[in-house]
Amino acid sequence: MWHVKDEIAPAILLVVDFGGWYRLDSRGSNSIESGVVPHTQVSVIKDVIVPYTHLLPRLDLSQNKERHQLLYFKGAKHRHRGGMIREKLWDLMIGEPGVIMEEGFPNATGRDQSIKGMRTSEFCLHPAGDTPTSCRLFDAIQSLCIPVIVSDNIELPFEGMVDYSEFSVFVAISDALKPNWLVNHLKSFSKEQKATFRQNMARVQPIFVYDNGHPGGIGPVPLDGAVNHIWKKVHQKLPMIKETIIRERRKPPGVSVPRRCHCT
C-alpha cells in the first residue's frame, strides 16, 4: 500500500496516532540510521490528530461516587515497540496496595469490569503500547478517572483547544520505572486537587464524543462534539500549510533542507 500512501500524502490526514509512522520501514529502503521513516506522509504540521472512539459510557460529574482504589489499568501486559515499558510498569505495580492491574480488554465480557474499575479508581494508568495512545485514555476521561500518561512521545487530539495538564498527570518514563515512585507521586495529590482534575475533565468530556444522538448519526453536529472540533483543527492547519509551501518554494536550486511535511 505504499504507492497509495504516496498518492494521499499531500492531503490533510485525520490520524488517531502518529506513533506507528515514526518506525523503521520493514522493507529497509525508506529507513535511515536515526530510526525515523524519512517520508513526509504524516506531519504534525498538516495533519489532525483525532480521538479514538471511547468504548465506555459517560459518567456525569453529578453521578461520581467515592473512589476507593488508587490506580486502575486493564489491558494486555505484553505489547511491541513502546509497549515494552508497559511490561516493566506492570511488574513494578502488580501487588501494590490500591493498584489494580487486569489483563484483558473492554469487550463484551470485560466491559462491565472496566466500567467498575475506572469508576471506582482515582487514577487510570495510560502507558504506551504498540502506539503511544489508545482508546483507554478516552474511556478514562468519560469515566472521570484521572489519566496518568506514561508515554514520552504521545501526541494528543485538539491540543491548543484542550489543556490536558488540567485533568491529567504526565509522568516521564524514567520516573515511572523507579520502584515506588509512581504510587508515591499519585498519593501526593490532595483531595482538592483530584476534585479539580475531575471538574476540568467533566467540562471536556463532550469534545471527545462523535455520537450526535440521532439514529444512524443523521442530524445536526453538536457544536461541542468531536466532529466540530476536528473541522476547527483543520481550519487552524491551513495557515501553517500555506507557510510550509511558501518556505519550500523559496529554497535556492541545489540547496538541500529536510522537508517538514509533504505539503503541496
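Visitor: What does the model rest on, and how are residues numbered?

Guide: The model is predicted, so local features need pLDDT of at least 70 and side-chain atom pairs count only at pLDDT 80 or more, while totals for chains, interfaces and linings use all residues. Residues are numbered from 1 along each chain as its sequence is written, and side-chain values use heavy atoms, with hydrogens and water left out.

Visitor: Is Leu144 buried or exposed?

Guide: Buried means under 20% relative accessible area, exposed over 50%, and partly exposed in between (1.4 Å probe, protein chains only). Leu144 has 0% relative accessibility, so Leu144 counts as buried. Its phi is near 55 degrees, a positive value in a residue other than glycine.

Visitor: Where does Phe158 lie?

Guide: Helices (H or I, at least four residues) and strands (E, at least two) are DSSP runs, numbered from the N terminus. Phe158 lies in the loop between E6 and strand E7 (169-170). Phe158 counts as buried because its relative accessibility is 1%. Phi of Phe158 is near 60 degrees, again positive in a residue other than glycine.

Visitor: What span should helix H8 have?

Guide: The expected span is 1.5 Å times one less than the number of residues. Helix H8 (residues 226-249) has 24 residues and should therefore span 34 Å; its end C-alpha atoms are 35 Å apart, which agrees.

Visitor: Where is the kink in H8?

Guide: The bend at a residue is the angle between axes fitted to the seven residues ending there and the seven starting there. In H8, a kink of about 25 degrees lies at Leu238, shortly before the proline Pro239.
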